[in-house]
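Colleague: Could you walk me through this one, and tell me what the labels rest on?
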Amino acid sequence: RMFHDDELEESEKFYVGQPRVLLLIYALYNTLVARSEMVCYFVIILNHMISASMITLVLPILIFLWAMLSVPRPSKRFWMTAIVYTEVAIVIKYFFQFGFFPWNKHVDYTKDKPYHPPNIIGIEKKEGYVHYDLVQLLALFFHRSILKCHGLWDEDEKGDSSSSKGDTDDELSLTGGRRDSSASLKSVNLAASVESIHVHFPEQQTAIRRKSSSSISQLSHRSSFSSHRSKRDIFKNINHTTFSLYFLQCKLPVIKLHCGLCCFRTLQVYVPIRQFFYNLIHPDYSAVTDVYVLMFLADTVDFIIIVFGFWAFGKHSAAADITSSLSEDQVPEAFLVMVLIQFGTMVVDRALYLKKTVMGKVIFQVILVFGIHFWMFFILPGVTERKFSQNTVAQLWYFVKCVYFGLSAYQIRCGYPTRVLGNFLTKSYNYVNLFLFQGFRLVPFLTELRAVMDWVWTDTTLSLSSWICVEDIYAHIFILKCWRESEKRYPQPRGQKKKKVVKYGMGGMIIILLICIVWFPLLFMSLIKSVAGITNKPLDVSIKITLGGYQPIFTMSAQQSQLKDLNQTGFSTFLASYRGNTAALQFLEGYGKEDITLADLEGNSNSLWTISPPSREKMIQGLLDFSAEFTVVLSWTIQRTLREVYPYYIKAPSDSLAKPIKQLLPDCKWKNITVSLVKNVSSEGVREWWVLNQLGKRFTSSEESLELFIFSDKVSPPSLGFLAGYGIMGLYASVVLVIGKFVREFFSGISHSIMFEELPNVDRILKLCTDIFLVRETGELELEEDLYAKLIFLYRSPETMIKWTREK
């Protein structure tokens, strides 16, 4: 070995011999040390999610718009700002915990009000008001100690001294591009004066290039490299900010004289911020990366959170699901607004990615950071009428959005890739990529939307139809390439029959799947109510009787104690009464005693009979007409018998229409009831009401009453109601026919696609598609047309296709 040290070797042996639990603790600690910067970010964001106040809002915004955009790492000034700000916040919160402040006298009343000023600012009195701030301060000091151990805490000061020594060097006088790390980070010194900019003007030009993370040798290497550059190249790369700074320092007395101190302080803040973002947008070089896929996944997770937790972003905070709202043809406004905003940001992000514009991404990042924080912490609490810290779904959505902000800042800092070729799922050829890519293409309208957006925001000479044609050919060839690679990895010997594992495994699964699809509606509708169904008992049973179109003579309803359940003895007696009646027993087989409700309705009407005198006279004349089919006894009580008008047994199905049960009625005849008009003459006047009585009751012994049996059908659980609500025919139409169409397409039309499916080697066609993508990205649009014409000719010529797809 080149380097050998006995002590280091003994130390390594000592650590290797430790227990695995201890080694795991060491590994976790080393991970914590290596990612201490991310730990600080996480604690700051967590503190803001829990506190949700203006005091804690400042640091998260600075993280996404300053720290994560700094190259190569946040400066000492940022960490000192975070530490001092946290300490000041702790002192302020402690000061406002005293009880002599007026708002601290009614804490229980105002603690849940989102727009209470102390709650918005963050100075309300509460238990554990400073716990997370102390954890945040501890994390910041922990990161500070790590930076000091690695000599990175005073890197800015060292960069200043090293740059001041080389002020006379030609290479350090004027260079274009981005400043080194110390000067770049120092450019965000919001407290620096314009005089300091004037004094260190050579330094501003000196450190325009980004410094690699450590050694002086690398700095000298860049210096020697740039010293060979001609004066013409040096002055060519001078950016306009340099001249603006020079103009500013020359006109400094004039600015102080005419604009005043306020304008001077504004420029004092504006110029470093402008320089910081200019260097960010126009780097001399950058480590290009591509994290668009991760950003898209973060946006997708947020989209799913909105769909399944949309109620958390609306006024009413009761838990609900989107399927129940959509089944009632209602689209919640909160759900619609959040979905459109989320989808709009995903489209804009895709456009910026395709155009590769860092300036647009920076502007979008600034707008999004301020807009999201303003919406989540100032608008949303007023909409939902509760604090952000009490909205778990909104907190989860915000945390995922913070992950997106971090990835977006990393993309800005490193720059967009110069080549965007194909789908991220087509980078390798295996079963995972194959099934994920096919699943991606099965999402409705996603493939079409992506293709159209790519055509709109990519420079090309192809028409939209030609573009879609190339995308379809590429997708088809990629799928074939995955299958050919799988055949090479798992070859099938020539002349050997298929193994039973493959036949019964794949074939058996397909058979079971097809059988389940065909018989799924019948199985679902029969099992959903008999096995998982719940009893839907009536809450109110009402009876209303009207004679001859006149004012109703009888209205009565039964609730609560008047609705009785049958016990086992009564149910057995009820079944025994229909022994020998096949139709009735077949009907009763689907019901249990818990599904039957006995309604005992009072015979006296619950409302007075109010009828006009002319109508009353006409009704009396009709009752006195002996040619009618029923007899009437006229006295103080008008009494007559209504034959076969009372249903007695009623079925309450899952829908809203209740029907009588003819199978339980003898000869399908309804029951008889008696109707009587009672007149009461008192000092208050004459009052009349009707009395009804059922003939041949089973369980009720009172003379003036009605007895009614209600058979309640079981209903499906609420979670499966959106499926069961369509019925058997609806399920067949939506499930069997739709899925059957896709299955039929898989089994039919194969002969028409043999020349495009049975391609032994697709590498040359795949390379041709990739070449089209590549020349498009490089701007060779004429060559793109030629290659596209070659691809179309290839698919038009079977002979050429055979030659191109032969095995090598």
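Modeller: The protein chain holds 35 helices and eleven strands, where helices (H or I, at least four residues) and strands (E, at least two) are DSSP runs numbered from the N terminus. This is a predicted model, where local features need pLDDT of at least 70, side-chain atom pairs count only at pLDDT 80 or more, and totals for chains, interfaces and linings use all residues. Residues are numbered from 1 along each chain as its sequence is written, and side-chain values use heavy atoms, leaving out hydrogens and water.

Colleague: Why is Phe-335 called buried?

Modeller: Buried means under 20% relative accessible area, exposed over 50%, and partly exposed in between (1.4 Å probe, protein chains only). Phe-335 has 14%, so Phe-335 counts as buried. This residue lies in helix H20 (residues 333–355). Of the 808 residues in the protein chain, 40% are buried.

Colleague: And what makes Asp-5 partly exposed?

Modeller: The relative accessible area of Asp-5 is 36%, so Asp-5 falls between the 20% and 50% limits. Asp-5 sits in the segment before helix H1 (6–16).

Colleague: How far apart are Phe-335 and Gly-309, in sequence and in space?

Modeller: They are 26 residues apart in sequence and 8.8 Å apart in space, C-alpha to C-alpha.

Colleague: How many of the contacts between residues at least 6 apart in sequence join residues at least 24 apart?

Modeller: In the protein chain, 74% of them do, a contact being heavy atoms within 4.5 Å.
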